[in-house]
Each structure stands twice: as C-alpha cells, then as structure tokens.
Amino acid sequence: MPSKRRPQARRSKPPRATTTKSTRINISRSRTNDPQSDRSFEAKRRGFDALAKMRHDGLSLYAASREAGTTPATVRHYLPAALRRSKTGRWVATKSDRYVRLLSLPGAHGPVIVRARGSEEARFASAYLASLSRWARTEKAYELAPFHGKKIGNFELLTAARTLRPLRDSGLLQLDSLYAALKDVA
C-alpha cells in the first residue's frame, strides 16, 4: 500500500541582504561611537583596573575585582576577551588584549584624552606617567629619554623640559590617574 504524503509547501529563501563595503563600515563606526551610559563607562573603567591588578600583581579575578570596586561578573561581562579559563578552571588574565581605553595624558595646554588601542599601549602610557612623575621631582633628562618621539594613539608624548616645567608649576601635569574620567570625556 503506498504511503500517503502530504504535499509540502515550497519554502522560499529569504531575500539576501545586499550590503556594500561602505555600508558595513558606516554601521560598524556608528556602533563603536555610540555614547556609553555613565554606569557602563565606570564599570568598564573598573574592569580595566581589575584586569591590570590581575596581570601586574598576580591576583585572582575575585581579589582583583574586589580591590577595583567591582564584581567578577562585571569584569567578565565587559572584558570577555581579556580573560580565559586555566586548566584548573580559574579565570586568568590573558597576556594582552585589544580593547580601546580612554587615557588622560598631559598635553601642551593641560590634560588630553587619548584612545589607547590595547593593553600594550596602556602599559606604555603607565610607564610614561611614572617616568614623568619621577622627572617632576628630580628634573633628570634621562627619565623621559625613552619616550622622546613616541606616540600613543596618534598623540606624541611630551618630553621637552621647557614645555613640561610650566605645566608642572601651574599644576596641569595630571599624574594621579591613567584612565580618563567620564567628566573628562563628555
């Protein structure tokens, strides 16, 4: 006896989206330039702080996030590519990452907000600020020599003593924090 089959309706494929390279670029640019809320900006900044503590001090995710004033879940939410699981199942920080960080560096007329691309540039900026702090106390030229002509995010670092002295004397050398605050960005 032949089996009775129901006739199946033909399924048509949905129309294929036609996007050009230029529309893809515009979409990705608009997504990356969306303004963040105050809350998410600060949460991400604290996540970067916890990540730095994990890399530099060798702290666990839990301990580093507590010192940074956030939770491990927040760090995992905002910076998932910067963490991995070890063989024992613990979260450890990767050696480096490619997240964009907003840093506050001293400019010729006061603090400048710079976009550092990745943890290596952020680490370099941190070394620059530490050397700049030592230079502000001692005025030894060798403190800033390794940074002469170097750039972070298309911003050339200040190393000339004749430019830095007036900034230091007027209190415009910002040496207290590497990451930019939301009030500086807005």
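User: Let's start with a side chain. Does Phe-147 count as buried or exposed?

Analyst: The idea is to ask how much of a residue's area is accessible: buried means under 20% relative accessible area, exposed means over 50%, and partly exposed lies in between, with a 1.4 Å probe and protein chains only. Phe-147 has 6% relative accessibility, so it counts as buried. Phe-124, with a relative accessible area of 28%, is partly exposed.

User: What should I know about the model itself?

Analyst: The model is predicted, so local features need a pLDDT of at least 70 and side-chain atom pairs count only at pLDDT 80 or more, while totals for chains, interfaces and linings use all residues. Residues are numbered from 1 along each chain as its sequence is written, and side-chain values use heavy atoms, with hydrogens and water left out.

User: How many aromatic pairs does the rule give?

Analyst: Rings of Phe, Tyr and Trp (its six-membered ring) pair if their centres lie within 6.5 Å; planes under 30 degrees apart are stacked, over 60 edge-to-face, and the rest tilted. By this rule there are four aromatic pairs. One of them joins Phe-48 and Tyr-99 edge-to-face, with 6.3 Å from centre to centre and 65 degrees between the planes. Phe-48 lies in helix 2 (residues 38-57) and Tyr-99 in the loop between strand 2 (91-93) and strand 3 (100-107), so this pair ties together parts that are 51 residues apart in sequence. Phe-48 and Tyr-99 are both buried. Another pair, Phe-124 with Phe-147, is tilted: 5.2 Å centre to centre and 55 degrees between the planes. That pair links distant parts of the chain, with Phe-124 in helix 5 (residues 119-138) and Phe-147 in the loop between helix 5 and strand 5 (151-152), 23 residues apart.

User: Which residues do ring pairs link into a cluster?

Analyst: Phe-48, Tyr-99 and Tyr-179 are linked into a cluster by ring pairs.

User: You mentioned helices and strands. How many of each does the protein chain have?

Analyst: Both are DSSP runs, numbered from the N terminus: helices are H or I with at least four residues, and strands are E with at least two. The protein chain has seven helices and six strands. Starting at the N terminus, the elements follow the order α-α-α-α-β-β-β-β-α-β-β-α-α.

User: Which helix gives the most to the lining of the largest pocket?

Analyst: Helix 2 does, with nine residues. Helix 2 and helix 5 each supply at least two residues of this lining.

User: How does the lining of the largest pocket divide by class?

Analyst: Ala, Val, Leu, Ile, Met, Phe, Trp, Tyr, Cys and Pro count as nonpolar, Asp, Glu, Lys and Arg as charged, and the others, Gly among them, as polar. The lining has nine nonpolar, four polar and eight charged residues.

User: Which residues does Leu-182 touch?

Analyst: Contact means heavy atoms within 4.5 Å. Leaving out residues up to four places away in sequence, Leu-182 touches Asp-38, Phe-41 and Glu-42. The C-alpha atoms of Leu-182 and Glu-42 are separated by 7.4 Å, although these residues are 140 residues apart along the chain. Leu-182 is found in helix 7 (residues 182-185) and is buried, with a relative accessible area of 17%.

User: And where is Ala-180?

Analyst: Ala-180 sits in the loop between helix 6 (161-170) and helix 7. Its relative accessible area is 1%, so Ala-180 is buried. Among the residues that Ala-180 touches are Phe-41, Arg-45 and Ile-113.
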